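Dear colleague,

I am passing on the structure below, together with some notes on what was found in it. Please read the notes with the sequence and the structure side by side.

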Amino acid sequence: MKNTLAIIKPDAMQKGSKEDIRKDIMDNGFKIVEEKTIHMSEEQAQGFYDIHKDKPFFGELVEFMTSYKSHIMKLEKENAVSEWRNLMGATDSTKAEPGTIRAKYGTDISMNATHGSDSDENAEKEISFFF
Ligand code: ATP
Ligand code: MG
């Protein structure tokens, strides 16, 4: 599978990091096939993160994702899912490896700058959710 879904989340958008993150993505050999900036509705955020609906942080997650604009991208590269997750780094920005996008642009486990699909199957679902 050559595609994955990436999102620049509201924290990074608000900080003005969108172009820096897009540049990191392209410098690492990804092609941005489709992209758009949206302000997610509560319904969209709940639907997108439906797999987390029973988690204690779900309310906080939806509130965060609807707090400001997000930039949604369909990325292309060989092994796109794992390559993008490696470039993002660990979920918790305070623990993400130095040089990764979450280490550079994120704040903590909640406000962590970017999203990436976690499997080929979910990548396909998430791409059709937004495009
Ligand atoms: P994403 O799906 O956004 O790429 P991920 O796959 O690394 O992140 P998930 O476990 O799927 O991590 O969590 C989805 C998102 O929910 C995280 O990126 C983060 O914004 C938020 N989140 C996860 N765990 C927590 C937590 N313990 N407290 C608050 N927010 C959390
Ligand atoms: Mg996830």
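Strand β1 (residues 3–8) runs antiparallel to β3, and six bridges join the two; strands here are DSSP runs of E of at least two residues, helices are runs of H or I of at least four residues, and both are numbered from the N terminus, while two strands pair if DSSP finds at least two bridges between them. Within this pairing, Ile7 has Ile72 of β3 as its bridge partner. Strand β3 also pairs with β2 (residues 31–38), again in the antiparallel sense, over seven bridges, and Lys31 stands opposite Glu76 of β3. Six of the seven residues of β3 (residues 70–76) are buried, where buried means under 20% relative accessible area, exposed over 50% and partly exposed in between, with a 1.4 Å probe and protein chains only.

This is a predicted model, in which local features need pLDDT of at least 70 and side-chain atom pairs count only at pLDDT 80 or more, whereas totals for chains, interfaces and linings use all residues. Residues are numbered from 1 along each chain as its sequence is written, chains are lettered from A and ligands numbered from 1 in the order written, and side-chain values use heavy atoms, without hydrogens and water.

Met40, in the loop between β2 and α3 (42–48), counts as buried because its relative accessibility is 2%. Not counting residues up to four places away in sequence, Met40 touches several residues, among them Ile7 and Ile72, contact meaning heavy atoms within 4.5 Å.

Best regards
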